[in-house]
Amino acid sequence: MHKNLDINVHHLTRVEGHGNIVVNMKNGKLEKAELDIVEAPRFFEAMLKGRNFKEVAIITSRICGICSLGHQITSLKATEAALGLEVSEQTKILRRILIDGATFQSNVLHALFLAAPDFLNVGSVFQVVSSHKDVVLAALRLKRLANDIGDVLSGRAIHPIRCVPGGFTMLPTEEQLRKIMDDLKGQGMQDLKFITGVLASLAGEIPQFERETEYISLKDANEYAFYDGDIFSSDTGARPVEDYLDVTNEFVVPHSTSKHARYNRSSYMVGALARFNNNHEQLHPVARDVMKELGLSAPCYNPYMNTVAQMVEVAHCIENSIMLIDQLLTDGIKQEKPADHPTRYGRGVGATEVPRGILFHEYTYNRQGNIESANCIIPTGQNLENIDDDMKKLVPEILSESKEAITHKLEMLVRAYDPCISCSVHMLDVSFIEE
Amino acid sequence: MNKPKVAFFDFTSCEGCQLNKLNLENDLLSLLELADIVEFREAMDDQADFYDVAFIEGSISTPTCVQRIFDIRRRTKYLVSLGACAVQGGVNAMRNLQPADEVQEAVYGEAKYLFPSIPVQPVSAYVKVDFEVRGCPMSTPEFLHIFKSIVLGRKPEIFDHAVCVECKLRENECVLDKGMFCLGPVSRAGCEAVCPSNGQYCTGCRGLVSNANIEGGIAMLQRYGFSRKEAIKKLEMYSALNERVHQKTECEHA
């Protein structure tokens, strides 16, 4: 059992952005257990000032390459709310399909390429290639399929082109949509089942650790919420998205260039596990099968299971996009232009569920349609205080293990949250401090 | 070159260019046969002391960035900048146009002096850059072309003509004629005019052609009904650090 412990992981690997884990224990007393965010700040709020509403989503998608679609859609929703733009049902369906694609691409990338090497005790997916080539190829095919959705519907999966205020600059053809639907139904479902089977055999490698916390996500009466809904806290219930500032309560801490957040307790969790805990009843049937096969049940208080919840969502998103494409094909694609003539100028808030959790953009426009002020609150930022709280509970529970084992579990913990540090700073390393 | 040791590093950016590589699903495994990836923090744990090729994504914007880029340059044979942020400062550089203190305060409020930052600069402002892959996100065919050229010891072909050329080759209707704003005439091609081909205007993400006639471009935009102010503001999105954008020169052809 350690009395003194000093862990310092500088620039944690296999996460998006730069962060350090710092744990310091002296004479049996835990003095520090925190995730330092050292990513260089980006200052997007300042870049947006004075920009026209048609340029805003082009700039905000550049907050993050991994979540560029999520930022773009959230940005468009905020702009549309501020300018009184009404989008068509077809636009909403196309955006939902894009979010499904972006979510399952990101979840596959994280669960299989960034997190899975931990379960196989290797340092990167490149080492998995030789031992599990068939799994890597199946994961790459799934990722490709998700990116095809982005390419076909938005012109480009990273930094989409066709999504603009009020709708789309160009629409996919029915032939393109039918091909995606057939691929999802065929190869997509087959690869999903194969990967789920492999992951089920590794489920024993997931650390046993529980800490019940407040779970916050969107909630929509009609579906497992990604595109729309109210803010929902597992502690206090629903609130409209316009009240987001009362929920996020951002604050600056000296060890992080990304701001932290709290609502009803000292910290809250967002992301796949929070969505699962709040909305699991609305999952599609294949997702429920994956959930059972991977041993996930609601409510789940083990943050390491976030990776498993992500795989359940992969299944849900595949099913959901098949359903939505089918609906579009039944109704027929209507050629329509973006509804981009402002009916008012003011404040608007947009919220969507992006892979790492609930994302908020808020803009205020002047009468020329240019940005007066902007605010973006990113999921990873909202999770940071919760990660620190998890580490403070976890370290004392595993003190009998070796320093290497403790470090490994801390790294896995942070990775399980799939932090997107570039986003949160609009930054990760692990450091243990020892006497 | 024998199987080169390759490393990837990210600075101030969205990491979309690195992700664009992971999105080379069909070519990723064959790339791994061509090169040994020795350091790639976003995807692997390993670190190395020496590299043949270091790929750099992102801008230089903090004192730590400066130390890291110097260290990487000392340890690599070739250094390649990936994407708009690394090549010309990217969207990050827009913040240089406002007083630094106000920018810090807008985001961090009273805590503005906790995190030191310096004006945004491209990688080439600090160290020698051997090759550049432009675009936001970087263009993957160009990345593969430059990567293969280095491995084979050939000089890569780099484009320096306007986006209009590629747009015409794709037989797109002129974006300006559609009544939309466009920076195609002064912007560097190599993207296959992907934005105009998807119903958008060219934002100039690959920077300007080396002999861009900025005044002529602005005069033409004015003829299409756009103001000088709007033209400059849009040029600043990706070329905020290009001196020509802010120099008033004689218009030669307009």
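In the predicted model, A7(B) stands opposite E39(B), a residue of β2(B). Strand β1 (residues 5-10) of chain B is joined to β2(B) by 4 bridges, and the two run parallel. Strands are DSSP runs of E with at least two residues, helices are runs of H or I with at least four residues, and both are numbered from the N terminus; two strands pair if DSSP finds at least two bridges between them. Residues are numbered from 1 along each chain as its sequence is written, while chains are lettered from A and ligands numbered from 1 in the order in which they are written. Local features of this predicted model need pLDDT of at least 70, and side-chain atom pairs count only at pLDDT 80 or more, whereas totals for chains, interfaces and linings use all residues.

An open sheet of 5 strands in chain B has the order β2-β1-β3-β4-β5, with parallel pairing. Its edges are formed by β2 (36-40) and β5 (131-133) of chain B, each of which pairs on one side only.

Helix α3 (residues 63-75) of chain B packs on the sheet and touches β1, β3 (51-57) and β4 (76-82) of chain B. Contact requires C-beta atoms, placed from the backbone, to lie within 7 Å.

The domain assignment, which is automatic or taken from a database, divides chain B into domain 1 (5-152) and domain 2 (163-246). Their contact takes 15 residues from domain 1 of chain B and 13 residues from domain 2 of chain B. On the domain 1 side, helix α4 (residues 83-88) of chain B supplies the largest share, 3 residues.

Notes. Contact = placed C-beta atoms within 7 Å. Axes fitted to C-alpha atoms, helices over the stretch in contact; angles between N-to-C directions.
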